[in-house]
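Hello,

Here is the structure I promised to pass on. Have a look at it first, and then read my notes below.

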Amino acid sequence: MIIKSYCRMVLIWALGVSLWAQSPTRIDPSDGNSTKADTAVSTLKLTKEERDFLKAHPVLIAHNESNWPPFNFNENGVAQGFSVDYMKLLAKRLGVEVDFISGYTWEEFMKMLPTDSLDLIINMAPTEERTERFAFTRPYISVRNAIYTNLNNQFYYSLDDLKGKRVALPKGFFIQRFLAKNYPQIKQVLVRDQLEALQLLSFGKVDAIIGKQVVVDYLLRKYLLSNIVATNYVNDPRTLSHIAIAVSRKDAILARILDKAQATISPKELEQLRHHWFGINALLDTKAIFSDKERAYLRHKKTVNVCIETDRAPIEFVEKGIPKGVAIDTVQIIAKRLGLKTRFVTTDSWEQTEELMRQRKCDLMPAALQTRRNRSILLFSRSYFSYETIIVTRKELGSVKGLRELEGKVLAARWDTPLTERMEESHPDIRTLEFATYAEAFEAVEKGDADFALTTPPVFNYYKLHMNLKKLHIAGTAPISCDLSIAVRKDELLLFSSIGKILELLPRETFRAINDKWTKSSVVEKMDYALLARYLAAAFLIVLFILVAYIRQRKLSRKIEELNSTLEKKIEEALEKNREQQLLMLHRNRLANMGEMIAMIAHQWRQPLNNLSLLNQLLVAKFNKGQLNEETINYFSENSRKQIQQMSRTIDDFRNFYKPEREKREFCVEEAVHQLIDMVGITFKSEKVEIIYQAEGCHYYYGYPNEMAHALLNIMNNARDALKEKGFGSKKIRIDVRKEGTDILIEICDNAGGIPEEILPRIFDPYFSTKNEKNGTGLGLYMTNVIITDHMGSKIEARNSEEGACFLITLKENNAYAS
C-alpha cells in the first residue's frame, strides 16, 4: 500500500510537471517579455564603468559554430544550441542584443577574438594557455569526454588503449590540445568539426574518436550513425571540460559583467535549457516529490553501497578496477538525482552478493532478478530493462523451437545465478554443468562439452565479440523473461521508495541511450517456417520486380542507343535547318530593303544623268551653229566618261553591298562605316536627315565588313523612319566609332524621341515590328542581332537616351586590334 501511494503521488506530480512544461509562462531564452528577466536586471549591481561599457556596446558579437550540437551550431542560417540560448538569456539580463556570426573554424574564431570583429566565444574550456590569451567568466556547465569506436573495430576503453591508434579530433579543441601535450603517442587525425570526425570513424578511416558525450550522442541520433558506440568515458580527470564564456583580455570588464548576469540565472532555468537540448529531465525538486522523511534520510545517507558482479558484461562488470555496464550507468544516474555518492562493492557470485546484503554491507543490487530465495530479503523496483532469454548452441545443431527439444541435453551455466535456479525448477530433465564464469560456459558449448547455454542477447553479443565465438549462434528463445530491477534491502524502505520515484520520472531516452552505449543489436535466429515462407515470398517478389525492371531497362537502353546513333545526325540537320532559316530571313530582309536600295541608286544617278543631259544639249547646240569641232568632241567625250564611271561605281557599290560573304577578312571598321555613309548619305540628305560621323584612327577587325555595314544600315533606316514620324525640328543620326580597352565600340544614336520602354526588350525578336501598317517586316533588327552576335561573335544593346534611341555594338577583343 505504501509503494502504491508513492507511485500514485509520483504520477500526479509528473502530470503536473507535464502541464507546467506546456504552459506559456515557462522560461524561453528567446522570449523578450519575461518578467523574471526584468527582475533579474534590477538585481545586477554594475559599476559606472560597467554600465558605460554596455552603453558603448549595445550589440555583442558572438561566435556561432557550424556543427557542434547540441551546444552551438547553425541550421538554415540560424544560430542554435544550449550555449546560444544561454547567451541569449544573459543578454536579456543585461539589456543588450547578440549578433551571432558563423562560417569560420574554431582556430579562426580564436584568432578573431582579440580583434574588434568578435566579442565573445560562448563555449570555451579554460586552460593555462587560453587564460594567458583570454579572460573567462565562471563555468556554466561541465561535460565529460567519451571514447567512441566503430562496432566493426576493436573496442578501446582508455587513453592508454589508444596509444599508437588513429584518433580523429577537431583541430584546436581543448581535448585535441590536451592529448597532443599529455598523450603524444596517440596518432591524431585533425578535422574541421565533430561531425567530420564521426564520418571518418563510421567509414573505418580512423580507430576511434574522442568528444563530449552530449555532443557526439546528439550527432549520432541526428545523422543515424548506428555503427558507432561509446565504450567509456575518458579516464583522465583533467579532461573534464568546464565550459565558460571567453572574451578578449582587453575586454576583461565584459567577463566581469557576464559573471554578474550569470549569478542571476536560477538552477531551474539552467536545468530547463539542459532538458531542452540534452534530453535529460530537469533536476528534481525534492520538496515536490520526496516526503520529509525521505529528504532527511537522503541528507543523512550521503553514500550508497552497491554490490556488483565482476563477470556479467555488459550488464555489470569490472575492468581494470573500474565498474562498468548498463546497470552501473543506470544506478549512477539515479544516485546523482538523489544527491548520493556511490561506493561499489565487487562480488564473484549471486550467493556472495546476497550474503553481503544480509550483512548490511551493501544497500542495493543494480541488476537483480527475482527468485524465491531473494524475495525474503529484498525489495524489487519496477523493471528498467527487459531482455528475452536466448538459447545458444553450436551452428551445426541448427535452430531450436523451445526448451522441450533440449530435454536430456546438457546446459552450460554460470553457477548460482537466478536463471540457473529457474531452469532447475521448471525443467528438471535438463542436466546442468555449472562454471565459474560466462566465458567458461560458452567455451564448453563451443568445444562440445555442453549442448547449449541460456543467456541474454547483450551478454552473448559481448562475449561473442570478445572471445571470437565463431562456432556459436542464437538458435532460439526460451520462455523465461529476464527483467532487470534494482533490489534494495528490506530495511532500507526510504531508499527503495526514493529510487522508485526517480525511475518513474527518468525519460525512456535515458535508458535507451544507456542500453545503446553498452549493447549491440541482437538478432534472434528463430526457425519460424510460416515467417520463413513470408520472407521467401517477399524475396521472390523483389527478385521478380528486379527482373522486370532489368528487362525494361534493357529495352530503354536499346532505345537510347538508337537515339544516340541518330542524335548527332538530327542535331546537324537541325543546325543546318537553322542556318538555312537564318539565310532565308536574311534574304527576305534584303528583298524587303531592295526598294529602298533602288531609291538610293536613283538618288545617286540623278546628278550624273542630269550632267549627261546637259552635255548632250551642248553637243546638239554646237552642231546646229556649225561650231562642232575636235575640242568640243573631246570635252563631251571626257565628261560623259566621268559621269558614266560614277554611275558604274554606284552600281558596283550596291552590288558589292548585297554580295554574300563566304569568308572573314581583315578590314578597317572606320573605313567600312565611312563607305556606308558615302553610299547612302545622299538618300538621307534628301530627306533632311543629317548624319554626324565621329571616328579617330583606324581599328582593324577580322570579320564580315559587308554584313556589319548591312547591320548598321538596318539601324540607320529605323532611325530615319522614326525621324520621319517626328515631322518637325532637326533630324540627326550620330555615329561614333571608338576603342575601349581591347574592344571596338560603334554607337548609333538618333534624336527621334526613343523606343517605348514596354517594347524595348522585344525589338530584336523576329517578325516583331511597329510598322505593320507601313509594310514593316520585323526582320531588320532581328537580322542585325544575328549578324552581330552569331556571325561576328560580338554584342549589341539598345537603350534610350535623353534625345532618342541608342544602339551600341561591341566588337569583341578576340578579333579586334589597332593599326
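In what follows, two residues are in contact when heavy atoms of theirs lie within 4.5 Å. Please keep in mind that this is a predicted model.

Let me start with N751, which sits in the loop between β31 (743-750) and α25 (780-791). Its relative accessible area is 12%, so N751 is buried. Beyond its neighbours within four places in sequence, N751 is in contact with L723, K726, S730, K731, K732, E803 and G804.

Next, a pair of helices. Helix α14 (residues 326-338) packs against helix α19 (residues 493-505) with the axes 10 Å apart and at an angle of about 105 degrees, which makes the two roughly perpendicular. I334, R337 and L338 of α14 meet L495, S498, I499, I502 and L503 of α19. By class, this contact has six nonpolar residues, one polar and one charged.

Finally, the aromatic rings, which form 21 pairs. One of them, Y104 with F109, is edge-to-face, with 5.6 Å between centres and 65 degrees between planes. Y104 is partly exposed at 37% relative accessibility, whereas F109 is buried at 0%. In another pair, F442 and Y463 have ring centres 5.8 Å apart and planes at 50 degrees, so this pair is tilted. F442 belongs to helix α17 (residues 438-447) and Y463 to helix α18 (residues 457-467), so the pair ties together parts 21 residues apart in sequence. There is also an aromatic cluster made up of W68, F71, F82, Y86, W106, Y140 and F173.

Best wishes

How values were computed:
Residues numbered from 1 in each chain as written. Predicted model: local features only at pLDDT ≥ 70, side-chain atom pairs only at ≥ 80, totals over all residues. Heavy atoms only, no water. Helix = DSSP H or I, 4+ residues; strand = E, 2+ residues; numbered from the N terminus. Buried < 20%, exposed > 50% of the residue type's maximum accessible area, 1.4 Å probe, protein only. Axes fitted to C-alpha atoms, helices over the stretch in contact; angles between N-to-C directions. Parallel < 35°, antiparallel > 145°, perpendicular 65-115°, else oblique. Nonpolar A, V, L, I, M, F, W, Y, C, P; charged D, E, K, R; others polar. Phe/Tyr/Trp six-rings, centres within 6.5 Å; stacked < 30°, edge-to-face > 60°.
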